[in-house]
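This report walks through one protein chain for a reader who is new to structures. Keep the sequence and the 3D view at hand while reading.

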Amino acid sequence: MADDDPVRALLGAEGFEPYARMAVMARPLEGMPPAPHVSGVSVEPYRNDWSEAFQNAERMALEGLATFAEMGQPTGYEQAEGFDAFAVARDQRDMLGFAQAMLPEGWINWMGVVPDARRRGIGTLLVAEIARQVRDRRGTHLAALVEVDTPGQAFLAKLGFRERGQRRTLMIRRAG
């Protein structure tokens with residue numbers, strides 16, 4: 001919710017507390033950078049029989065993000081084969097990254113690259129694949145809700161995504 005939303009104070013009085021600052025980032029498909037060639041890496045549609053490898057990659061890729069810490073595993077994406085656009089980047093041994101987005105809307109719901117595979121073009125490769133699928137379905141933009149001041153926000157900005165609208169604070173009431 002927006003910081004100036006009067007409901008925020010009411011929720012605070014009921015025991016809800018902030019746990020993450022978020023920004024909506026978006027960009028048009030027009031002018032997207034082309035998919036880079038990443039030697040030894042393939043991008044494939046996700047398959048549910050990769051769920052164990054996916055959960056391991058997900059845990060490594062999203063470690064330290066407040067939203068992932070609150071959600072915990074399983075997230076549900078490990079059984080999301082065929083759910084709109086869902087691509088994974090793999091080498092011959094490991095799952096290196098993943099991206100899931102709604103079609104044709106282009107809303108990126110879940111994305112990450114394992115730390116050892118970052119800065120090799122894998123994230124850009126995954127976004128390019130999502131963009132291709134959105135374009136094929138006549139979508140025009142990509143958008144994502146991203147934690148503020150994280151590498152993910154910087155990565156999307158580098159690809160031409162810009163913040164849209166007010167930043168938001170996610171709140172939670174923990175059992176206790």
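## A starting point

In which strand is Pro-28 found? Pro-28 is found in strand β1, which covers residues 17–28. Helices (H or I, at least four residues) and strands (E, at least two) are DSSP runs, numbered from the N terminus. Residues are numbered from 1 along each chain as its sequence is written. The model is predicted, so local features need pLDDT of at least 70 and side-chain atom pairs count only at pLDDT 80 or more, while totals for chains, interfaces and linings use all residues; side-chain values use heavy atoms, with hydrogens and water left out.

Pro-28 is partly exposed, with a relative accessible area of 34%. Buried means under 20% relative accessible area, exposed over 50%, and partly exposed in between (1.4 Å probe, protein chains only). Leaving aside neighbours within four places in sequence, Pro-28 is in contact with Thr-140 and His-141. Contact means heavy atoms within 4.5 Å. The C-alpha atoms of Pro-28 and Leu-103 are separated by 15 Å, and these two residues are 75 residues apart along the chain.

## The whole chain

The chain has 5 helices and 7 strands. From the N terminus on, its elements run α-β-β-α-α-β-β-β-α-β-α-β. The radius of gyration is 17 Å, close to the 16 Å that the globule rule gives for 176 residues, so the chain is as compact as a globular protein of that length. The radius of gyration is taken over C-alpha atoms, and the globule rule is 2.2 Å times the number of residues to the power 0.38. Along its principal axes, the C-alpha trace spans about 55 × 35 × 30 Å.

Of the 176 residues in the chain, 41% are buried. Among contacts with a separation of 6 or more, 71% are between residues 24 or more positions apart. The accessible surface of the chain comes to about 9800 Å², and 50% of this surface belongs to carbon and sulfur atoms. Accessible areas come from the Shrake-Rupley method with a 1.4 Å probe; for residues, only the protein chains shown count as cover.

## Helix α4

Helix α4 has 15 residues, 122–136. From its first C-alpha to its last it reaches 21 Å, close to the 21 Å expected at 1.5 Å a residue. The expected span of a helix is 1.5 Å times one less than its number of residues.

How many of the residues of α4 are buried? The helix is mostly covered, with 12 of its 15 residues buried. Among them are Ile-122, Leu-125, Leu-126, Glu-129 and Gln-133. The buried residues of α4 pack against the strands β2 (42–45), β3 (85–90), β4 (95–101), β5 (107–113) and β6 (141–147), and against the helix α5 (151–158). Just after α4, Arg-138 takes a positive phi of about 75°.

## Loops with particular backbone angles

Arg-119 has a positive phi of about 65° although it is not a glycine. This residue is found in the loop between β5 and α4 and is exposed, with a relative accessible area of 86%. Asp-149, also not a glycine, has a positive phi near 60°. Asp-149 is found in the loop between β6 and α5 and is exposed, with a relative accessible area of 70%.

Is Leu-159 buried or exposed? Leu-159 is buried, with a relative accessible area of 8%, and lies in the loop between α5 and β7 (162–172). Leaving aside neighbours within four places in sequence, Leu-159 is in contact with Arg-27, Pro-33, Thr-124 and Val-127. Leu-159 and Pro-33 are 126 residues apart along the chain, yet their C-alpha atoms are separated by 7.3 Å.

Glu-63 has its place in the loop between α2 (51–62) and α3. Glu-63 is exposed, with a relative accessible area of 66%. Glu-63 and Gly-112 are 49 residues apart in sequence and 9.9 Å apart in space, C-alpha to C-alpha.
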